Structures are given as structure tokens and as C-alpha cells.
Amino acid sequence: MEIINECRLLFTSVTVPTLLSGLLLSFKLAGGILLASLVSGTIFALLKTYAGRIVGAIITVYVEIFRNTPILFWITVCFIALPVGNQYIRASAGLFLASTATICEIVRGGLNSIGKGQIEAGKSQGLSRLQIIYAIILPQCLRRVIPNLINQTISVFKDTSFFGQVAIMEFLYCSRKLLGTANKYTGHGIGAMDAFIIFGAAAAVYFIINLLLSSVMRAIEMHGNKGKVVVK
Amino acid sequence: MADMFALWRWQKLWEDRMLFVKAFGVTVELAVGGLILALILGFLVGILATTSSRFVRALTRIYVELFRNIPLTLQVMFFYYGCVYGGIKISTLTVGIVGLGICSGAFIAEIVRGGLNAVPRGQYDAAFSQGLNYFQTMTRIILPQTIKIILPPLGTQLAWLVLDTSVLSIIAGGDLLYVTKNWACNGTLSYGPAYLVTGIIFFIICFPITHTARKYEKKMEVGRGEVL
């Protein structure tokens, strides 16, 4: 009973909209970063696979650097070092760069799984290189890597929780702030119960959203397997 | 930009090098402690996830899904602020090791489960037919084969664990990234050298691990192809 009462004090018409606006910001940032890094990651993967040795080596170096250093590190560094853009762009840049590296590796795996025969078939039809990539390779490749891409979506959404570190008012930052000012709403000192309620609610939100995403992934995987004709 | 990496900033960094050495030690402690806990939890839960009891399997599922789908940042905060506001004295190092261990354990459990499922059913039957009990079958027949399969993903997971120690900077964990940020923010604003050095340290630790894991994985793929 005490818990319900505490919840009622903590989640009021003043605090809930703030939390929701934080969640909305997390969504927006995650969505923007994902879309942008999907485009850049795919381009990088194509360049790494088809554009010759030197370009490939440069992209390999880029990917290795970003996959072997912490994301929080890059978020902080980009936030401090970027001379242009508003705070959102500067904060997002780090996660965008890291996500690009991961998506590049994912898409490259997909590209490698497509048989040489597909390219030859395209060539024999008189298609140009760009046409082959655009019309034959990419659609098959992207379909194959959808599960990995959704995993990456979950990762990026989870990683938006780092943005609080550079004072972006995302969901976790708002939750933490609510905890810090909880005594204002409850009328007594901040206790362990407040921490459990607020972070528990935040955890539930993250959990449900990510679980939905992974069930979508499983559904797509099932759907894909149903229609697939195994050619041996 | 050139001023960011000016010589005097590097000298300043060199003067305070012991701070960074100590922070590096904390990061290593976090990673090693977290890894040990994660391996124990991961193998335990991973093995339990392949038992015949539906109830046990459901429990392992809940653990895995819960800790994989909630940001580590939030897990660490939950644990830390729960203790702080609950009046329990707890060091950030303990919070870090437990947080990293439990979270990484969920990922390792999935890897172990996958590895166990990849061992053909016939291996179990053969072992049981030789009169081995469950424990003997696991330790002598199944796990040695499993470990060979899961070594590459375990390596990648280890690298992630090292990178994830940086999350502790959020609760002032005294880890490498926290000290870097603090040192750079205070007084001289020498971000350039501090972050460059920290980035290189992380890279030097993680690159060999991920690189070896990938090489080993490729070798195994080739090996499998030959057998088939």
C-alpha cells in the first residue's frame, strides 16, 4: 500500500509529462541515428566490399577503431570536439559513428553471403555495376541482415541512455533528475523505495519497448523462413 | 585544434600519469571481476537453459531477456542509488563488478546455450550409453566441445565487457574514462591528450581480443567446411 501511495506522489501530472518528453527525445535521437547510420553503414560496407584495396583498408581501420573503443568515450569526445551543430547533433555524432561501424560490419556479412552467381547473372543481363548492386544484391542482403539490424536498433536505443552524460534530457536523465528531486513531491527524504520505483518504472519502459522490437524481429525471421526456397 | 594538443598539455598529462595508471588498474579490476562473475553466471544459466524442466528454462529466459533489454547504465544506477538511498554503504567497485557481471552473464548464458544446442544429440546418447551420469557427461563430453564452439563469441563478449567498464564513469566509478573526464575538465581543459591516450589504451586492450576471436572463428568455418 505504501508503494502505491508513493507512486501516486511521484508520478503526477507534473512529473509524467517530463518523463514522456524525455522518452520522446530518446526515440527521436535513436531513430535519427539509426536511419543515418543505416545509410552510411551500408555505403561503407559496399565500398569495403567492391571499391578496391585502399578504400577497403581505410574503412577497415575506421571500423576497428570504433568497435574497440567505448561508445560513451566517443559521445563525450564528439560532444566536446565538434565545432558545429547544436547540442543534440554534437551528442548524437559519437553514437552515429559507432553505429555506422557496427552496421557496416553487419551489412558486409550480408554482402559476403550472397553467391557470386547473382553478380554473374546480373552481368549477363547487361546490367551495370550500380544496377547490380541496387537491384540484385542490396535487396537480398538487407533482407538477410534484418535480424542483426533489429538487434542494432535495440542497442542504439539502449545507448541513448548515455546522452544524459552530456546533459541531453533523454529518458534516463529525466528519471534520474526526478529521483534527485523526489523529496519535493513526496514530502519526505529520498529513500531506497523512491529509487526502486523510479528506476523500476524506467527499466520496465526500456524492457517493454525492446521486447516488442525483438518480437518483431522474430516474426520477420519466421516470415522470411516460411517463404524461403532452399537452393542447394 | 593544434592548441588542443599543445606540448604543455602533454607535459601536464605526464606529471599526473599516476592518476591514469591507477584508473587503468580500476578498469582492469572491474573487467576481471566482472568477467569471473559473468562466466560463472553465464555457464550456470546457459546449462540450466538446456535442461528439461520448463520452469527452470522459463526462469533462465526471464533473466536473459531482462538484463539484455535494459541499458547497463540503468542497471548500474538502479543498483547504486538503491544502495545509496537505502543507507547501504557500497563501493562503486562492487557495484561495477556486480553490475557488469550480471549483465554480461546474461549475454554469456545465451552464447553457452547456443553452444550446447550445437552439440549433436548423439553425443549425449553415446555418453549415457557408456554409463556416465549427467555431471560426467557434461564435464567430460559436452562442455569441452561446447567451449571450442563458443570461444570466438566469448572473446567478443570479453572485449565488450572491457568497453562497458566505461559505464561506471556515470556513478563516479574511478575507472579510466571517469578519471580522463575529470582530469580534463578540471583547470587546464586538456581534453586532447587525455582522451587520445585513453582511447588508445582501450583500443590496445580490445583489438587483440576481437581480432583473435574473428581469426579463430574464420579458421573454424574453414575446418567445418573440410569435414562436410
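Biologist: Which residues is A:T42 in contact with, leaving aside its neighbours within four places in sequence?

Modeller: In this predicted model, those partners are A:I103 and A:V107. A pair counts as in contact if the C-beta atoms lie within 7 Å. A:T42 itself sits in helix α2 (residues 15-50) of chain A.

Biologist: Why is A:T42 called buried?

Modeller: Count the other C-beta atoms within 10 Å of its own: there are 22.

Biologist: How far apart are the C-alpha atoms of A:T42 and A:E105?

Modeller: They are separated by 9.0 Å, although the two residues are 63 residues apart along the chain.

Biologist: OK, now helix α6 (residues 116-124) of chain A. Why is it said to lie largely in the open?

Modeller: Check its 9 residues against that burial cut-off: the number buried is 0, so α6(A) lies largely in the open. Just after α6(A), by the way, A:G126 takes a positive phi of about 80°.

Biologist: What makes the crossing of α5(A) and α7(A), and how do they pack?

Modeller: Helix α5 (residues 87-112) of chain A and helix α7 (residues 129-144) of chain A pack at an angle of about 120°, with axes 8 Å apart. The crossing is right-handed. On the α5(A) side you'll find A:V107, A:G110 and A:L111, and these meet A:I137, A:C141, A:L142 and A:R144 in α7(A).

Biologist: How do you know which classes of residue make up that contact?

Modeller: Sort them by class and you get 5 nonpolar, 1 polar and 1 charged.

Biologist: Which residues touch the most other members of the largest nonpolar core?

Modeller: Of its 110 residues, they are A:I75, A:F199, B:L74, B:V76 and B:M77. The largest share of this core, 12 residues, comes from α5(A). Take B:M77: leaving aside its neighbours within four places in sequence, B:M77 is in contact with A:R176, A:F199, B:I170 and B:I171.

Biologist: And how many residues of chain B are in contact with chain A?

Modeller: 30 residues of chain B are in contact with 32 residues of chain A. Several helices of chain B each supply at least two residues to that side, including α3 (54-69) and α8 (176-185). α9(B) gives the largest share, 9 residues. By class, the side of chain B that touches chain A has 19 nonpolar, 9 polar and 2 charged residues.

How values were computed: Residues numbered from 1 in each chain as written. Chains lettered and ligands numbered in written order. Predicted model: local features only at pLDDT ≥ 70, side-chain atom pairs only at ≥ 80, totals over all residues. Contact = placed C-beta atoms within 7 Å. Helix = DSSP H or I, 4+ residues; strand = E, 2+ residues; numbered from the N terminus. Nonpolar A, V, L, I, M, F, W, Y, C, P; charged D, E, K, R; others polar. Buried ≥ 20, exposed ≤ 12 C-beta atoms within 10 Å, placed from the backbone. Core = buried A, V, L, I, M, F, W, Y, C linked by C-beta atoms within 7 Å. Axes fitted to C-alpha atoms, helices over the stretch in contact; angles between N-to-C directions. Left-handed = near helix turned anticlockwise from the far one by under 90°.
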